[in-house]
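Here is a walk through one part of a protein model. Keep the 3D view open and follow the elements in turn.

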Amino acid sequence: ETTTFLSHKSTGSRTMMIHGMKRSWVDVEKFLEEPGEKEIRKVEGQKMAEVGWPDITDYWKNELKNRKIISEFMKDPLLGSKRLISMPDRVTNTINVVDSDEPVCRPTVINMYSEDLSNLDTWFDKWTSFMFKNSVRIPISETEFEETVPYKMLQPISKAKYPDITEDEAARSLPIQTLCGAIFDAILVHMMNTVVDPPVWQSLKKTMVENLNKQKVPHTVEILKRSYSSSDIIALQEVSSSFVITAQNHFADHYHVVPPSEIDASRDQNSILMLSKARFPNGATSEITDLVYNSFPEGVKVPVATGDILAITATDASGNDYVIASFHGDTNGLATIPVVDAILQTMASNELLANHKLIFGMDANTYQHGEPGKKQDVLEFASHFVSKGLSSCWGDRPNPENYTTFNARTYLQPQLNKACKSSEKREKGDVNPKDFILFANEQFEVVHTLK
């Protein structure tokens, strides 16, 4: 599937490039699985810039300094579950900026960064300048922007959402995640330059970036136009602020593109809605996202972040009133049932919403095989929403093997606990029934469902 958007002048050059990519991925996989003598004991550290964060010298010396870079750092499952590497990567990997079609990228192997990474000294100078010196202007609405420095975009890691993190790590999570992110990027640069000649891997990366990353938003717009242009409602999740602006321009004649009033410009992952102007001529009549947040049980910490939920009211051309929502569940799907309950509670407790019809599109992050308290089982989720008078686009009892996602992570990404060997994509990839449209079973019935 990686080759979908790749085009070359000749079949021969295309085949050689794909072969080169596969060989590089296998070489990386082998390095991480069998590092042998390539694994070094120390990761040399340098003092971070003074930005008012608490000192973490003790953490560096006691927890990180003497680890082996592969078996004890890259493959440490706790670093993955604590999000000490993936969280800073999520925020700073690729930053969409105003007045440019090109995002600003952290100097690392795993994004669109295009400058030379052939040695660690060059990389480190560029990395520290990016993180602590160079300012960026990020869009917060169609007409407004915020000027900041990447380290200021980092977010504390919540123990409520990521329970494996310790209280001390949570309290000092900003400098600790920055340090872990720097070590991670340094190891990637070291690894790539060890297993593949720098001109080779950097050339392959440039080709992939040009075709897959830089064209991601235009390709997504084209897919929406080609396959979904007759839809009355489109619910999208994990949407960047730059995509919102692009979609508002491209679909201005046919759709109201509705982002949350509070855009998440740091993670840049937002749930949005697109409403057909023919069916909903006035677009969203109000946003009720705050009412949903306020409907969570008091004292219960639900693992949701800014931008994960968008809930609005709208009236169609025939005068029917709706509550329409878009939601992105946490990785383990543990927020999905609480958010469904909060939507229903919001509607039941507000007399102005009591007669509205609910349409709720979501990435529920449910699993074919759940684990109580750890991963949300899809049939348990279905049993719950049916008990609340709801049904889904997959019926009251969805087939657990009716997968809506099928992907596998390579080893070039910040959550190695989720990485799959090239030979185990099907067995260990993320192959699960995750995506749903919910509605009241007395108000709608499924005519047909496509995917």
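This is a predicted model: local features need pLDDT of at least 70, side-chain atom pairs count only at pLDDT 80 or more; totals for chains, interfaces and linings use all residues.

**A helix pair and a sheet**

Helix α11 covers residues 216-227, and helix α12 covers residues 241-250. They pack at an angle of about 45°, and their axes lie 11 Å apart. Angles under 35 degrees would count as roughly parallel, and 65 to 115 as roughly perpendicular. The angle therefore makes α11 oblique to α12. The crossing of α11 past α12 is right-handed.

Now look at the side of each helix that takes part. From α11 come Val217, Thr220, Val221, Leu224 and Lys225. They meet Phe243, Thr246 and His250 of α12. What is the make-up of this contact of α11 with α12, in nonpolar, polar and charged residues? Four are nonpolar, three are polar and one is charged.

Next, turn to the sheet. Strands of a sheet pair through backbone hydrogen bonds, either parallel or antiparallel. Here the sheet is open and has three strands, in the order β5-β7-β6. Their pairing is antiparallel. The edges are β5 (233-239) and β6 (255-258), each of which pairs on one side only. From one strand to the next, the twist averages 20°.

Zoom in on β6 and β7. Strand β7 spans residues 270-276, and four bridges join β6 to β7. The two strands run antiparallel.

Finally, return to α12. This helix packs on the sheet and touches β5, β6 and β7. The direction of α12 makes about 150° with that of β5.

Note on methods
Residues are numbered from 1 along each chain as its sequence is written. Side-chain values use heavy atoms; hydrogens and water are left out. Axes are lines fitted to C-alpha atoms, for helices over the stretch in contact, and angles run from 0 to 180 degrees between N-to-C directions. Angles under 35 degrees count as roughly parallel, over 145 as roughly antiparallel, 65 to 115 as roughly perpendicular and the rest as oblique. A crossing is left-handed if the near helix is turned anticlockwise from the far one by less than a right angle, and right-handed if clockwise. Contact means heavy atoms within 4.5 Å. Ala, Val, Leu, Ile, Met, Phe, Trp, Tyr, Cys and Pro count as nonpolar, Asp, Glu, Lys and Arg as charged, and the others, Gly among them, as polar. Two strands pair if DSSP finds at least two bridges between them.
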